[in-house]
Amino acid sequence: LTPSALGVYKLMLGEGAKESLLGPFVDAGPRRIVGLLTEFLQERCPKLEDAAFHAEMFATMVLAPRNRLIMRGKGRVTRAAQHEHVNKVVRLFLWALTT
């Protein structure tokens, strides 16, 4: 959530129409992470329907602070707030998987 990382993400969003730029960025980050989590969920929760959907929702929830910062155009999230957010997301996600 650093200004430079947010800047790169904004740039990639702006260049989204250029697959030659966006493709490698997405493959190296978001697609890779969601793919790994999908595999993990398929192995650990074989009865779970649509593990890919759940993996993407988890990633989206974790990244919500980034999206809020981008939409506001300013601000900062402390490390403590980041950890608290991730802990809450993990607890919510695990609760949803076990109910």
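Modeller: Contact here means heavy atoms within 4.5 Å. This is a predicted model, where local features need pLDDT of at least 70, side-chain atom pairs count only at pLDDT 80 or more, and totals for chains, interfaces and linings use all residues. Residues are numbered from 1 along each chain as its sequence is written, and side-chain values use heavy atoms, with hydrogens and water left out.

Biologist: Among contacts between residues at least 6 apart in sequence, what share joins residues at least 24 apart?

Modeller: Take the protein chain's contacts between residues at least 6 apart in sequence. The share of those that join residues at least 24 apart is 47%.

Biologist: In what order do the elements of the protein chain run?

Modeller: Helices (H or I, at least four residues) and strands (E, at least two) are DSSP runs, numbered from the N terminus. The protein chain has six helices and zero strands. So, by that numbering, the order from the N terminus on is α-α-α-α-α-α.

Biologist: Is glutamate 39 buried, partly exposed or exposed?

Modeller: Glutamate 39 sits in helix α3, residues 30-44. Buried means under 20% relative accessible area, exposed over 50%, partly exposed in between (1.4 Å probe, protein chains only). Because its relative accessible area is 45%, glutamate 39 is partly exposed.

Biologist: And leucine 94, what does it count as?

Modeller: Leucine 94 belongs to helix α6, residues 79-98. Its relative accessibility is 48%, so leucine 94 counts as partly exposed.
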